[in-house]
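Let's take a quick tour of a few side chains and one backbone angle. Have the viewer open as you read.

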Amino acid sequence: MRNVAPTKTNMLTLKNELKFAKLGHELLDQKKNILVMELLNLIDQAVDHEEEVEKALSEAYRALEHAVLDVGKLKLFQIASAINIGSNVKISQRKIMGVGLPVVDTSFEDYPPYYSLMGTSFWLDSSLKEFKIVVKAMGKLAELKISIMRLAGEVKKAIRKVNALEKIAIPNLQETVKHIENKLEENERDIIILLKMTKLRLEKKKLDNQQP
């Protein structure tokens, strides 16, 4: 309970504070719930996407192993040095309840043909294709994991604020307002009693003065 003078002015001020505290609690609780729902959704996506990345890596390395078997390691290294693929990773931002989350978009610039079709392997082309998928998928997975970390941090902050309002600030204000109301009622009762006593005294004095 706050240590304030039990006046009507203070009571009105505290009632306004209590009103805003309750409104703030409601809005923060809504924000927390929305963030939690989004966080759970992103976690589900990340789990699924991690499986996709593992599957894509497996496919890419399988294709690469077949390419090695077809053309040999030495020739594969020679061919790899001729491959000219540029990658662009564009990072933008989206917002959920004021929280900035990254959006990762990976694109490629190809300049084929990289090598002669003679003496190469279908698996080499397949390997290139699969590794592009891996890079793109890993960018998306990084986006999801960073988003999860940021949202988790915001959820923790929101929970702390909601709890502080719910368990400390609002009860403290309610208790202080109730205390002031009780004090004001008590003061009013004392004043009424005092007025009655004063009235009785005046009436008695008047009667005494009227007697011969």
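Phe 131 is partly exposed, at 25% relative accessible area; that label covers the range between buried (under 20%) and exposed (over 50%), using a 1.4 Å probe and protein chains only. Keep in mind that this is a predicted model, where local features need pLDDT of at least 70, side-chain atom pairs count only at pLDDT 80 or more, and totals for chains, interfaces and linings use all residues. Residues are numbered from 1 along each chain as its sequence is written, and side-chain values use heavy atoms, with hydrogens and water left out.

Here are the accessibilities side by side.

| Residue | Relative accessibility | Class |
|---|---|---|
| Ser 127 | 4% | buried |
| Phe 131 | 25% | partly exposed |
| Met 97 | 39% | partly exposed |
| Tyr 61 | 46% | partly exposed |

Now for the rings: there is one aromatic pair, counting Phe, Tyr and Trp (its six-membered ring) with centres within 6.5 Å. Tyr 61 and Phe 131 sit with ring centres 5.4 Å apart and planes at 85°, so they are edge-to-face (over 60 degrees; under 30 is stacked, the rest tilted). The partners are 70 residues apart, with Tyr 61 in helix α1 (residues 8-71) and Phe 131 in helix α3. Helices here are DSSP runs of H or I with at least four residues, and strands are E runs of at least two, numbered from the N terminus.

Ser 127 also belongs to helix α3 (residues 122-210). Leaving aside residues up to four places away in sequence, Ser 127 touches Ala 60, Ala 63 and Leu 64 (heavy atoms within 4.5 Å).

Finally, Met 97 lies in the loop between β1 (85-96) and β2 (99-110). Its phi is positive, near 50°, and Met 97 isn't a glycine. Most residues other than glycine have a negative phi.
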